[in-house]
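Please keep the sequence and the model in view while reading.

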Amino acid sequence: MIARLRKLRQVSPFQIVLVTVFTALAAFMSLPIIFIFSHAFKPKNELFLFPPRFLVQHPTIHNFEVLLLHASNATVPFTRYLFNSLLVVSLTLFSVIVVSTMAAYVLAKYKFHFKGLILSLITLSLMFAPETVSIPRYLIINGLGLNNTYFGHILPSLASPVAVFMLVGFISQIPNDLMEAARIDGASHLGIFTRIVLPLSVPAVATISILTFQTVWGDVETSTLFMQKEAMRTLPFYVNSLLSGLQNNVAGQNMAAAAGLLIFIPNLIIFLLFQRKVLETMVHSGIK
Amino acid sequence: MGSISFNHVFKRYKGESRPAVNDFHLTIDEGEFLVLVGPSGCGKSTTLRMLAGLEEISSGELYLDGKFINYVSPKDRDIAMVFQNYALYPNLSVQENIALGLKLRKTAKHEIDSRVKRVAGILEISHLLERKPSQLSGGQKQRVALGRAIAREPQVFLMDEPLSNLDAKLRSQTRAELIKLQQDLKRTTVYVTHDQVEAMTMGSRIVVMKDGIIQQVAPPRQLYDEPANVFVAGFIGSPQMNFMNGTVEVSDGNYYFSNKRMRVPLSGEQGLRFQRLSGLTHNIILGIRPEHVLIKRGSYEKDDDYIPGVVQMTEQTGADSYVYVELGKIRLIVRTAPEVLYEQGELVSVNLQMNKLHFFDEATEMAIGRDEA
């Protein structure tokens, strides 16, 4: 018995290799993140050092000061970009979740005419590169008169084939018995959706939230193409403009480094937050 | 309260020539425990789902308490259903699972609380109310599913193989509890199973189905003693009834069943059944249950009552032993006391208890005589 326990405690060479390889892989994958943090605190001479150094030698918050100074002197205040970004991201996230889950529920669990056709159209639209649709998008936004409105930011990302596609796969795994039990219990179609389907889809919703957040938060396309008024543009556009266009390329570098970190942090937070949720719900959902 | 009437109900699926449920015509009385039993694909679950309102009825009418309910939605039928896989909402606690049906029906909160408490008390799950379904064992889930149905206090309970996911011991225990519960609540219950033991022990009346068609509707005892056809005779009872083909002939006014292996005289009453049929010889299937066959050691060639045979194998169950005897090409299962051990290849003699014979027409496979007698 004791011998057996001792044997269990022994780690096999395979496990050692596995842990080493994965640790190395994880370390390699985290390099860009470390770089972003380190870069933001580099003084100007280190930013332009050749060959470049990976880690900062003399950390300073000077970059952030320059960025704040620049932002407070700009025609449109920094906070306006931030407000636009937050508003657009939260509205988009909310509407993408509502639209995609509803569409996916119906596509996964109901029978109706042309269902196969609709599903294959959604799959087909997954294959288009984003660049190919920017001209039609512009025409639509322009035609609807949505230039310089928040809806112009939101509409292009509203129909998310990736989200619908993922959710259809997920929701179709929810047993039909549950829905039938709910029907007998007296739930309406909307009741089944909100009380049963939506709570059970939380892992998938968390995943599409991460994807949608990252796309929308970093998106400059809507600001560049559909927004002519500076006051309607979003944070990523502002950060981009520090490096290109009107500004001095060299002078902009330190601000860009600081802004790069600031704009990356929400991404990181959202990811960590939702990723834990994904695991949690997968463990406790009890679907399997 | 809770009487159900099926009036020539059919269910046809697109692209299938044979109806899944074929002319289901039956009245279920108030408070009855009706069991639908049959092999998989016999239409028993479809029938239950039509009653629940989860499947459309292709033709025919369905009445609950005399009210036409073909097009009434499931939530307005005043029924509750227990599913095979329990179908507990994984995102809700046990308490919320039981309460959801009441909540959706806008029951007052204090009423919900008291009903949930009472149901949990009856089913002994009071200590589990805060747990999520994933933290429950199979038996506990089963109770919660049952509790969800009971809390609603519906007119009719529908159960779709609710015990099939439990292990054998728990199954027989829960079976007994279900019977008691039904007797206490006195609610009409329609129970679907493929297990004939469950059907026999639970049902006050049993419906045997095959290929969407009702084969027989009868109380358990009658179903066992007087099966309407070969299918029912073979389906009910374990090990299954022994069948052998042969003919019934008349000689000197007496009736005999005979085939290559045996010639058995029939009693006067049994002969009468054949008298009513036209013709002198009838091709029939003779059926006899394993417990109605007597077995003796050794061969008694000269004795008219005993037929010689060879033991092929023996199965011990503890309480009984089943001896497989070969009579030429006929294979007979005999249920006997476990004390006497029969060896493989041993010569034995078997005797069929004459008053326990079942006769079926070879062409139609229907029972001969009994009903009309």
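## Terms and model

Helices, in this report, are DSSP runs of H or I with at least four residues, and they are numbered from the N terminus. The structure discussed here is a predicted model.

Most residues other than glycine have a negative phi. A:N148, however, has a positive phi near 60° and is a residue other than glycine.

## Two packed helices in chain A

Two packed helices are described by the angle between their axes and the distance between the axes. In chain A, helix α6 (residues 78–109) packs against helix α12 (residues 189–200) at an angle of about 105°, and their axes are 11 Å apart. Angles of 65 to 115 degrees count as roughly perpendicular, and α6(A) and α12(A) are therefore roughly perpendicular to each other.

From α6(A), the residues A:T101, A:M102 and A:Y105 take part in the contact; from α12(A), they meet A:H189, A:L190, A:I192, A:F193, A:V197 and A:L198. Sorted by class, this contact has seven nonpolar residues, two polar residues and no charged residues.

## Chain B as a whole

Chain B contains nine helices and 20 strands. Its C-alpha trace spans about 80 × 45 × 40 Å along the principal axes. Of the 373 residues in chain B, 51% are buried. Among contacts in chain B between residues at least 6 apart in sequence, 66% join residues at least 24 apart.

One open sheet of chain B has four strands in the order β2-β1-β4-β5, with antiparallel pairing. The strands β2 (21–28) and β5 (67–68) of chain B stand at the edges with a single partner strand each, so one side of each has no neighbour in the sheet. Further in, five bridges join strand β1 (residues 4–11) to strand β4 (residues 59–64) of chain B in the antiparallel sense. In this pair, B:F10 has B:S59 in β4(B) as its bridge partner.

Helix α1(B) lies across β1, β2 and β4 of chain B and runs at about 120° to β1(B). B:K44 belongs to this helix, which covers residues 44–52 of chain B. Is B:K44 buried or exposed? Buried means under 20% relative accessible area; B:K44 counts as buried because its relative accessibility is 5%. A polar atom of the B:K44 side chain lies 3.2 Å from the backbone oxygen of B:G38. Leaving aside residues up to four places away in sequence, B:K44 touches several residues, including B:L36, B:E161, B:H194 and B:M209.

## A five-stranded sheet

A second sheet to consider in chain B is open and has five strands in the order β13-β12-β11-β14-β20, with antiparallel pairing. Its edge strands are β13 (263–265) and β20 of chain B, each of which pairs on one side only. On average, neighbouring strands of this sheet are turned by 40° against each other, direction ignored.

Strand β14 (residues 282–288) of chain B is mostly covered, with six of its seven residues buried. Seven bridges connect β14(B) with the antiparallel strand β11 (residues 242–251) of chain B, and here B:M244 is paired with B:L286. Four bridges connect β14(B) with strand β20 (residues 358–361) of chain B, also in antiparallel fashion; B:I285 has B:F360 as its bridge partner. Three bridges join the antiparallel strands β12 (residues 254–258) and β13 of chain B, where B:F257 stands opposite B:V264.

## A hairpin and two further loops

Strands β17 (residues 321–327) and β18 of chain B pair in the antiparallel sense over seven bridges. B:V325 and B:L332 are bridge partners in this pair. Two residues lie between the strands of this hairpin, in which B:G328 takes a positive phi near 60°. Strand β18 (residues 330–336) of chain B is largely enclosed by the rest of the structure, because five of its seven residues are buried.

Most peptide bonds are trans. The bond from B:S238 to B:P239, by contrast, is cis, with omega near -5°. B:P239 is located in the loop between α8 (230–235) and β11 of chain B. In another loop, between β9 (205–210) and β10 (213–218) of chain B, lies B:D211. B:D211 has a positive phi near 50° and is a residue other than glycine; its relative accessible area is 36%, so B:D211 is partly exposed.

How values were computed
Residues are numbered from 1 along each chain as its sequence is written. Chains are lettered from A and ligands numbered from 1 in the order in which they are written. This is a predicted model: local features need pLDDT of at least 70, side-chain atom pairs count only at pLDDT 80 or more; totals for chains, interfaces and linings use all residues. Side-chain values use heavy atoms; hydrogens and water are left out. Buried means under 20% relative accessible area, exposed over 50%, partly exposed in between (1.4 Å probe, protein chains only). Two strands pair if DSSP finds at least two bridges between them. A polar contact is a pair of N or O atoms within 3.5 Å; within protein, one must be able to donate a hydrogen and the other to accept it, and residues adjacent in sequence count only if both atoms are side-chain atoms. Contact means heavy atoms within 4.5 Å. Axes are lines fitted to C-alpha atoms, for helices over the stretch in contact, and angles run from 0 to 180 degrees between N-to-C directions. Angles under 35 degrees count as roughly parallel, over 145 as roughly antiparallel, 65 to 115 as roughly perpendicular and the rest as oblique. Ala, Val, Leu, Ile, Met, Phe, Trp, Tyr, Cys and Pro count as nonpolar, Asp, Glu, Lys and Arg as charged, and the others, Gly among them, as polar.
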